[in-house]
Amino acid sequence: MQNLPTHTAKTELQLLVRGLVYAPGDASYESEAAAFNLATRHTPDLVLAAVNADDVVAAVKWASARNMSISVQSTGHGAANAITDGLLISTRYMLELSIDPEEQSARVGAGIRWRDVLRAAAPHGLTGLHGSTTDVGVVGYTLGGGLPLLGRKYGFASDHVLAFDLVTPDGELRRVDLVSEPRLFSLLRDGKGNFGIVTAMEFSLFPAGQLYAGGIFYDGVHAKDVLAGFRSWTRDLPLGASASLAFLRLPDMEEVPAFLRGTFVMHLRFAWQGSEAEGAALVAPMRAAAPVLVNAVGPLPYDRVDEIHADPQHPVPVREGGMLLKGFGPGLEGVLLDLAGPDSRAPLLLTEIRLMGGALAEPLAGAAAGADCLGGRDAGLSFFTVGIMAPPIAHLVPEAIEAARAALKPYGTGGTLVNLHGHLASPDLAASAWPEELRGKMAAAKAEFDPKNLFRHGHAVLPLVQEAAAA
Ligand SMILES: Cc1cc2nc3c(=O)[nH]c(=O)nc-3n(C[C@H](O)[C@H](O)[C@H](O)COP(=O)(O)OP(=O)(O)OC[C@H]3O[C@@H](n4cnc5c(N)ncnc54)[C@H](O)[C@@H]3O)c2cc1C
């Protein structure tokens with residue numbers, strides 16, 4: 001903080017904003033900085049719990065004048081790396097939310113979670129493009145592309161953004177849409193927090209219709225058959241159907257249903273917007289792939305979509321890692337079984353492959369054509385793995401994730417999804433979140449909009465000038 005005593009800095013900033021400012025030692029400093037991922041402990045110089053866009057504008061101008069780094073957090077679901085300095089702006093109290101049933105769209109403040117959107121949209125027969133858990137923040141998720149549960153039918157969440165309200169590093173509040181700011185608009189749709197803080201976002205909703213979805217559990221001893229079944233089943237799966245398969249080593253904890261505690265299981269996740277008869281026929285081959293332990297696929301109300309993936313609903317200490325795969329190449333099944341199958345001793349709680357393709361592979365059309373800034377359209381599968389960062393295995397997890405990445409490299413596209421990238425263990429790994437050409441575009445724009453590299457935490461590209469100097 002450029003030789004500014006913390007109490008002076010806190011008082012200065014507090015006089016400019018309505019939200020509360022916290023410094024280390026304040027009673028609520030830890031809880032305001034806390035992330036969903038308990039393995040990541042943020043220790044910024046100051047935390048501002050912003051309540052509106054004016055707070056964000058004032059805080060960004062103030063920090064920029066002091067050359068102080070700025071970071072942003074909503075839920076902390078994406079807190080892969082710790083923030084250790086500067087000003088952390090928490091958006092969790094920015095809870096604006098409105099639905100326009102005529103236009104089939106929503107406007108949300110930066111603190112809104114997907115769960116809030118689904119609740120507000122349901123009475124209008126509408127739904128949104130949330131991912132595997134609705135506990136995630138709508139804005140942070142969408143700024144990382146947003147891989148939705150129904151992605152193969154509708155594409156990435158960021159394909160359907162209509163406008164952002166963005167506070168750029170110079171402290172200006174801009175309306176960013178395809179007409180007013182086409183370049184920033186396209187970069188933001190996979191650019192995470194590189195270009196400032198999004199205070200609100202507008203995006204399309206979709207008719208909810210009927211959902212046929214859920215999970216099938218198999219005993220892990222059948223991993224080989226289930227994986228082989230998944231491979232041949234997904235080859236012909238209609239583009240509108242979504243599927244993922246997880247190897248799960250469930251801990252002996254109260255949060256896990258009693259009959260699954262301490263077991264190794266395979267978990268198929270399936271979602272189809274359509275009739276029960278269609279859905280049942282589609283999933284039938286997977287019901288026959290191996291003996292089924294629990295069959296929980298069926299008609300599902302939208303307020304229960306979190307049951308499909310059954311992601312944790314409470315903060316947990318984890319290390320995550322992900323990458324994109326070309327698809328089921330020869331030998332991939334063997335590698336996955338070695339990594340996570342019945343004989344694996346890797347300390348990984350979950351290892352997942354999610355089917356890509358369908359609308360996820362389609363480049364933007366219409367007025368947005370050619371402005372596509374999203375990595376991941378070329379992937380056949382998304383790979384993601386998670387380990388619990390708690391004794392006695394915590395020290396083994398990072399190595400196991402890197403070993404998985406290395407083993408899968410021959411099958412990779414070379415890219416990752418920003419959202420499912422996981423811990424940024426090295427600058428090279430961080431850079432792989434975007435294809436090279438896109439990273440160049442982002443670095444050039446960063447040099448223009450954030451020349452001082454104030455937004456340098458988390459998934460950040462270096463401004464072009466600094467990138468050249470570093471090289
Ligand atoms: C259990 C679980 C399941 C998940 N499932 C999916 C999934 O199915 N599909 C998918 O795509 N992703 C998924 N994710 C990843 C998730 O989308 C990302 O972690 C996302 O960043 C979460 O956004 P957040 O705002 O909730 O998190 P935060 O940790 O609060 O934010 C993460 C990052 O987003 C950026 N950001 C957040 N808010 C703003 C803002 N207002 N302005 C500018 N930048 C901002 C910042 O770079 C910030 O560091 C999952 C994560 C978890 C933990």
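**View 1. Val47 meets its bridge partner in strand 4.** Here Val47 is bridged to Leu88, which belongs to strand 4. Helices (H or I, at least four residues) and strands (E, at least two) are DSSP runs, numbered from the N terminus. Strand 2 (residues 46-49) and strand 4 (residues 87-90) run parallel, joined by 4 bridges. This is a predicted model: local features need pLDDT of at least 70, side-chain atom pairs count only at pLDDT 80 or more, and totals for chains, interfaces and linings use all residues. Residues are numbered from 1 along each chain as its sequence is written, and side-chain values use heavy atoms, with hydrogens and water left out.

View 2. Follow the strands in the order 1-2-4-3, and you will find mixed pairing; two strands pair if DSSP finds at least two bridges between them. Strand 1 (20-22) and strand 3 (70-73) each have a single partner strand, so one side of each lacks a neighbour in the sheet.

**View 3. Helices on the sheet.** Helix 1 (residues 6-14) packs on the sheet and touches strand 1, strand 2 and strand 4 (contact means heavy atoms within 4.5 Å). Its direction makes about 20° with that of strand 2; axes are lines fitted to C-alpha atoms, for helices over the stretch in contact, and angles run from 0 to 180 degrees between N-to-C directions. Helix 3 (residues 53-65) lies across strand 2, strand 3 and strand 4, at about 175° to strand 4.

**View 4. Lys446 in helix 14.** Lys446 sits in helix 14 (residues 436-449). Its relative accessible area is 0%, so Lys446 counts as buried (under 20% relative accessible area; exposed is over 50%, partly exposed in between; 1.4 Å probe, protein chains only).
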